[in-house]
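The sequence and structure are shown first, and the points follow.

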Amino acid sequence: MHNLLKGKKGIIFGALNEHSIAWKTAERAHEEGAVFVLTNAPAAIRMGNLEVLAKKTNAQIIPADATSVEDLEHLVKKSMEILGAKIDFVLHSIGMSVNVRKGNSYTDPSYDFTTKGWDVSALSFHKTMHVLYQKKAMNEWGSIVALTYMAAQRVFPDYNDMADNKAYLESIARSFGYFFGRDHKVRVNTISQSPTPTKAGTGVKGFDGFSAYAEKMSPLGNATALECADYTISMFSDLTKKVTLQNLFHDGGFSNMGVSDAVMEKFE
Ligand SMILES: NC(=O)c1ccc[n+]([C@@H]2O[C@H](COP(=O)([O-])OP(=O)(O)OC[C@H]3O[C@@H](n4cnc5c(N)ncnc54)[C@H](O)[C@@H]3O)[C@@H](O)[C@H]2O)c1
């Protein structure tokens, strides 16, 4: 390993099980010399096996529902106490649509579910940054990353209201990123990842189909969770200090493709 994050302190949201992108990122951050706090919603901590990751990475767990500003305030305060310093990096790796879970179509949602999913998947990013900003909790040249998907730009019918949530999330990264850059020299970006077989990913109807399609469309193939973790580490490192307000595609080239030979073959 390269000690890319030596001396850096962070908060990692969203590791549920060993398939989670946040799980792989925590493992890689640990390998690169970072110290961090792990957090997830209390119910997810009960359901998943975050303790295993915490042990492996010498991290403490602080439960927080990312829709609760009160929980986030507690999380940030406790994290700074535990880490003994301000924060250098934050990963927001959170997504959930109640409409998707309940099988409601995009054209006939429950708006209560839409609101809940938006709060969890998008507004929670604003709330997190709001707390970090107000508490002046980030070190200069710190880095904040949220994970997103290309359904924010293009139509993927079964991605449902998560498409709108991701569009909102990406906009928050730009808008808050401006103030964080101007006032605290902190960068804010989103990473737009390939379909990845995790709990959130495979919960989307037709996941296998659009994952296989993306694999055939992308010149480099789909990016794995571990590869996403690697890219995220580079965004937390000092090698990317002037990258901010960006939506960064990490998808094997999928986002710039029109059609590939492998897909054409299916129609010839
Ligand atoms: N898997 C994919 O295909 C894919 C592709 C692109 C982007 N992403 C994004 O990557 C991120 C991580 O997802 P993943 O694929 O690793 O799946 P995952 O299911 O492992 O992670 C989602 C996490 O969100 C957490 N979460 C849900 N509600 C929460 C709340 N109220 N407070 C705090 N945490 C909460 C869950 O507990 C879980 O740990 C998400 O933003 C997802 O949309 C995933």
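1. Asn58 is exposed, with a relative accessible area of 63%. The model is a predicted one, and in it Asn58 sits in the loop between helix 3 and strand 3 (60-61). The phi angle of Asn58 is near 55°, a positive value in a residue other than glycine.

2. Asn160 also calls for comment on its backbone. Phi of Asn160 is near 60°, again a positive value in a residue that is not glycine. Asn160 belongs to the loop between strand 5 and helix 7. Is Asn160 buried or exposed? Asn160 is buried, with a relative accessible area of 9%, because the cut-off for a buried residue is under 20% relative accessible area. Asn160 is also one of the residues that line the second largest pocket.

3. The largest pocket holds about 1,200 Å³ of space. Its lining is made up of 45 residues, and those nearest the centre are Ser93, Ile94, Gly95, Met96 and Ala200. Several elements give two or more residues to this lining, among them helix 1 (21-31), helix 2 (42-47), helix 5 (98-102), helix 6 (111-134) and strand 5 (138-148). Helix 7, helix 8 (199-202) and helix 9 (207-217) also give two or more residues each. Which element gives the most to the lining of the largest pocket? Helix 2 does, with five residues.

4. The residues that line it include Asn99, Val100, Gly103, Asn104, Ser105, Tyr106 and Thr107. Pro157, Asp158, Asn160, Gly203 and Lys205 are also in the lining of the second largest pocket. By class, this lining has three nonpolar, seven polar and two charged residues.

5. How many cavities of 30 Å³ or more are counted? The count comes to one cavity. The largest cavity has a volume of about 50 Å³. Its lining includes Tyr149, Met150, Ser192, Gln193, Ser194 and Pro195. Ala214, Asn222, Phe249, Asp251 and Phe254 line the largest cavity too. In this lining, six residues are nonpolar, four are polar and one is charged.

6. The structure holds nine salt bridges. One of the pairs is Lys56 with Glu27, whose side chains meet in a salt bridge at 2.7 Å, N to O. Lys56 lies in helix 3 (residues 50-57) and Glu27 in helix 1, so this pair ties together parts that are 29 residues apart in sequence.

7. A salt bridge also joins the side chains of Glu31 and Arg28, at 2.8 Å, N to O. Glu31 and Arg28 are three residues apart in helix 1, so about one helical turn separates them. Glu31 is partly exposed, with a relative accessible area of 38%, whereas Arg28 counts as buried at 11% relative accessibility. Which residues are linked with Arg28 in a network of salt bridges? The network links Arg28, Glu31, Glu32 and Asp230.

8. Asp183 and Arg182 form a salt bridge in which the closest N and O atoms are 2.7 Å apart. Asp183 is partly exposed, with a relative accessible area of 32%. Arg182 is partly exposed as well, and its relative accessible area is 46%.

9. A final point concerns the surface. Tyr178, Phe179 and Leu245 form a nonpolar patch there, and together they have about 270 Å² of accessible area. Phe179 is found in helix 7 (residues 162-184). Why can Phe179 be counted in a surface patch, for which over 30% relative accessible area is needed? Phe179 is partly exposed, with a relative accessible area of 37%, so it passes the cut-off of over 30% for patch residues.

Technical notes:
Residues numbered from 1 in each chain as written. Predicted model: local features only at pLDDT ≥ 70, side-chain atom pairs only at ≥ 80, totals over all residues. Heavy atoms only, no water. Patch = residues over 30% accessible without salt bridge, like charges linked within 9 Å, V, L, I, M, F, W, Y side chains within 5 Å. Areas by Shrake-Rupley, 256 points an atom, 1.4 Å probe, with all protein chains shown as cover. Salt bridge = Lys/Arg side-chain N within 4 Å of Asp/Glu carboxyl O. Helix = DSSP H or I, 4+ residues; strand = E, 2+ residues; numbered from the N terminus. Buried < 20%, exposed > 50% of the residue type's maximum accessible area, 1.4 Å probe, protein only. 1 Å grid on protein atoms, 1.4 Å probe; cavity = no way out; pocket = protein on both sides within 12 Å on 5 of 7 lines; lining within 4 Å. Points joined across faces, edges and corners; volume = space filled by probe spheres on them. Nonpolar A, V, L, I, M, F, W, Y, C, P; charged D, E, K, R; others polar.
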